[in-house]
Amino acid sequence: MTQDIPRDDSLLGLLKGVEDFSANVFPETQQLFSELAEGQSPHTLFITCADSRVVPEMITQTQPGDLFVCRNIGNIVPGYGEMLGGVSAVVEFAVAVLRVRHVVICGHSDCGAMKGLLNPDSTKDLPTVDAWLRNAAAAKSAVFARKTDDKDVLKDVTQENVRLQLTHLRSHPAVSAALANHAITLQGWVYDIGDGTIAVLDKASDTFIPLAEAIKKEHNA
């Protein structure tokens with residue numbers, strides 16, 4: 001039986017974590033970081049929620065330099081021209097300059113942003129959050145139009161939001177050009193925090209399928 005290590009949530013704890021990285025972790029991967037010091041060439045733009053429970057590199061088991069990560073409330077990509085800013089700049093730079101070959105938009109279970117979308121009263125005193133979530137409003141409308149069972153509504157809105165953000169992503173000129181040249185693939189995921197699984201949006205059926213099925217399809221593509 002492993003002994004639980006007490007969590008240190010102080011600033012000192014963060015500093016000690018950096019100290020441990022510099023002294024113990026970094027030397028084991030120094031060659032990799034020496035190469036990365038000269039530049040980056042990530043293969044994937046990974047757009048996900050800022051939620052502290054979602055750790056892209058851990059979920060995908062990737063190394064530093066593999067993912068170009070963009071995190072924000074609700075894994076949102078505003079449509080091009082709607083709200084030009086940090087997310088649009090990340091997309092443009094990743095696709096046009098770094099020439100990533102894949103873009104993944106990853107939602108997750110128990111998403112606070114999606115809960116806020118479903119309960120507008122909870123964000124009425126958060127004007128910036130409220131304005132940001134308008135970029136996901138169409139996902140809520142689509143789910144409610146289908147009269148989903150209330151017990152599944154959060155899951156359904158989370159999935160629909162991933163579909164919606166992929167649609168927004170395609171409106172960005174750099175992405176549109178890369179798609180026209182078959183230089184990029186787009187994919188939507190939903191990560192279940194409680195059981196550590198990923199459901200993948202299947203392009204053909206427009207449904208979220210288990211990871212094993214998605215891997216099989218990718219092998220046969």
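This is a predicted model: local features need pLDDT of at least 70, side-chain atom pairs count only at pLDDT 80 or more; totals for chains, interfaces and linings use all residues.
Close-up 1. N135 is buried, with a relative accessible area of 11%. The cut-off for buried is under 20%, so N135 falls in that class. N135 sits in the loop between α6 (127-133) and α7 (137-145). Leaving aside residues up to four places away in sequence, N135 touches I76, P78, M83, L164, Q165 and H168. Q63 lies 72 residues from N135 along the chain. The C-alpha atoms of N135 and Q63 are separated by 31 Å.

**Close-up 2. Packing of helix α4 with helix α9.** Helix α4 spans residues 86-97, and helix α9 spans residues 173-180. Their axes come within 8 Å. The axes cross at roughly 30°. Angles under 35 degrees count as roughly parallel, so α4 is roughly parallel to α9. The crossing of the two helices, α4 and α9, is left-handed. From α4, the contact is made by V91, E92, V95 and A96. From α9, A174, V175 and A178 take part.

**Close-up 3. The aromatic pair F21 and F26.** A search of the whole structure finds five aromatic pairs. F21 and F26 form one of them. Their ring centres are 6.1 Å apart. The planes stand at 65° to each other, and the pair is edge-to-face. F21 is partly exposed, with a relative accessible area of 35%. F26 is also partly exposed, at 29% relative accessible area. Ring pairs link F21 and F26 with F33 into a cluster.

**Close-up 4. The aromatic pair F68 and F93.** The ring centres of F68 and F93 are 6.0 Å apart. Their planes meet at 40°, so the pair is tilted. Which parts of the chain does the pair link? F68 belongs to strand β2 (residues 67-72), and F93 belongs to helix α4. The two residues are 25 residues apart, and the pair links distant parts of the chain. Is F68 buried or exposed? F68 is buried, with a relative accessible area of 17%. F93 is partly exposed, at 36%.

**Close-up 5. N75, a residue with positive phi.** N75 is not a glycine, yet its phi is positive, near 40°. N75 lies in the loop between β2 and α4. Its relative accessibility is 2%, so N75 counts as buried.

**Close-up 6. D206, a residue with positive phi.** D206 is a residue other than glycine, and its phi has a positive value near 55°. Where is D206 found? D206 is in the loop between β5 (197-202) and β6 (207-210). At 41% relative accessibility, D206 counts as partly exposed.

Conventions. Residues are numbered from 1 along each chain as its sequence is written. Side-chain values use heavy atoms; hydrogens and water are left out. Axes are lines fitted to C-alpha atoms, for helices over the stretch in contact, and angles run from 0 to 180 degrees between N-to-C directions. Helices (H or I, at least four residues) and strands (E, at least two) are DSSP runs, numbered from the N terminus. Angles under 35 degrees count as roughly parallel, over 145 as roughly antiparallel, 65 to 115 as roughly perpendicular and the rest as oblique. A crossing is left-handed if the near helix is turned anticlockwise from the far one by less than a right angle, and right-handed if clockwise. Contact means heavy atoms within 4.5 Å. Rings of Phe, Tyr and Trp (its six-membered ring) pair if their centres lie within 6.5 Å; planes under 30 degrees apart count as stacked, over 60 as edge-to-face and the rest as tilted. Buried means under 20% relative accessible area, exposed over 50%, partly exposed in between (1.4 Å probe, protein chains only).
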